Amino acid sequence: MAKIVVGVDGSEASLDALRWALDEGRLRAATVEVVLAWYSSAVTGLASVGAFPARELVEQSARTQLDEIEATAGLADLTDPVVHTRLVESHAAPALLEAAADADLLVVGSRGHGAFSGMLLGSVSQHCVTHAPCPVVVVPSPGAE
């Protein structure tokens with residue numbers, strides 16, 4: 001069975017990518033793996049001085065975000081395609097590349113919640129296009145030219 005990996009971060013672009021991946025999963029009879037990455041190493045070292053929330057709070061916030069994405073997309077009610085969700089402690093690009101190691105397709109939005117969200121192609125999607133071990137589909141944001 002084919003495997004499609006899709007990266008999400010809660011942005012509208014990532015939700016568009018998720019919808020596209022679900023449609024493609026139905027067409028290909030593929031399993032869709034939804035990946036949300038979160039990162040806390042900078043947070044962990046400074047949490048003790050009160051500058052950043054504890055690692056557990058960051059992880060719980062990411063879990064809540066993934067739960068909200070699952071609810072928004074109606075993933076619990078889907079029977080076709082088969083969908084698995086994963087919460088990964090890592091920067092987004094490495095997490096997606098690792099998840100895509102055995103995938104037939106990687107799907108990302110053109111830009112997400114990064115510092116350069118105004119760029120046509122975000123840094124995560126650009127990194128994935130350049131380094132992925134499989135074909136990559138970058139789903140454009142609505143209104144992107």
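What share of the 145 residues in the protein is buried? Buried residues make up 38% of them, where buried means under 20% relative accessible area, exposed means over 50%, and partly exposed lies in between (1.4 Å probe, protein chains only). This is a predicted model, in which local features need pLDDT of at least 70 and side-chain atom pairs count only at pLDDT 80 or more, while totals for chains, interfaces and linings use all residues. Residues are numbered from 1 along each chain as its sequence is written, and side-chain values use heavy atoms, with hydrogens and water left out.

**Whole chain**

Start with the cartoon view. The protein has five helices and five strands, and from the N terminus on the elements run β-α-β-α-α-β-α-β-α-β. Helices (H or I, at least four residues) and strands (E, at least two) are DSSP runs, numbered from the N terminus. Of the contacts with a separation of 6 or more, 75% are between residues 24 or more positions apart; a contact means heavy atoms within 4.5 Å.

**The sheet**

Select the strands next. They form an open sheet of five strands in the order β3-β2-β1-β4-β5, with parallel pairing; two strands pair if DSSP finds at least two bridges between them. The edge strands are β3 and β5 (136-139), and each pairs on one side only. From one strand to the next the twist averages 25°.

Now zoom in on β1 and β4, which pair in the parallel sense over three bridges. Val6 stands opposite Val107 in β4. Angles run from 0 to 180 degrees between N-to-C directions, and axes are lines fitted to C-alpha atoms, for helices over the stretch in contact. Then show α3, which lies across β2 and β3 and runs at about 145° to β2.

**The cores**

Which residues have the most contacts inside the largest nonpolar core? They are Ile4, Val6, Val8, Leu18, Val32, Val34 and Val107, in a core of 21 residues. A nonpolar core is a set of buried Ala, Val, Leu, Ile, Met, Phe, Trp, Tyr and Cys residues joined through side-chain atoms within 4.5 Å. The elements that give two or more residues to this core are β1 (3-7), α1 (12-28), β2 (31-38), α3 (55-73) and β4 (105-109). The most comes from α1, with five residues.

Leaving out residues up to four places away in sequence, Val8 touches Ser14, Leu18, Val34, Val35, Leu36, Leu66 and Ile69. Apart from this core lies another, of 14 residues, among them Val35, Val88, Ala99 and Cys128.

**Helices α4 and α5**

Go to helix α4 (residues 92-99), whose buried residues are Ala93, Ala95, Leu96, Leu97 and Ala99. What covers these buried residues includes β1, β2, β3, β4 and α5. The axes of α4 and α5 come within 9 Å and cross at roughly 35°. Ala92, Ala93, Leu96 and Leu97 of α4 make the contact with Val124, His127, Cys128 and His131 of α5.

Setting aside residues up to four places away in sequence, Val124 touches Ala92, Ala93 and Leu96. The C-alpha atom of Val124 is separated by 9.6 Å from that of Gly7, 117 residues apart along the chain.

Move to Ser125, also found in helix α5 (residues 123-131). Ser125 counts as buried because its relative accessibility is 2%. A polar atom of the Ser125 side chain lies 3.3 Å from the backbone oxygen of Ser110. Not counting residues up to four places away in sequence, Ser125 touches Val108, Gly109, Ser110 and Val138.

**Two backbone details**

Finish in the loops. Most residues other than glycine have a negative phi, and most peptide bonds are trans. Select Ala29, in the loop between α1 and β2: Ala29 has a positive phi of about 55° although it is not a glycine. Then select Pro81, in the loop between α3 and β3 (83-89). A cis peptide bond joins Asp80 and Pro81, with omega about 5°.

Methods
A polar contact is a pair of N or O atoms within 3.5 Å; within protein, one must be able to donate a hydrogen and the other to accept it, and residues adjacent in sequence count only if both atoms are side-chain atoms.
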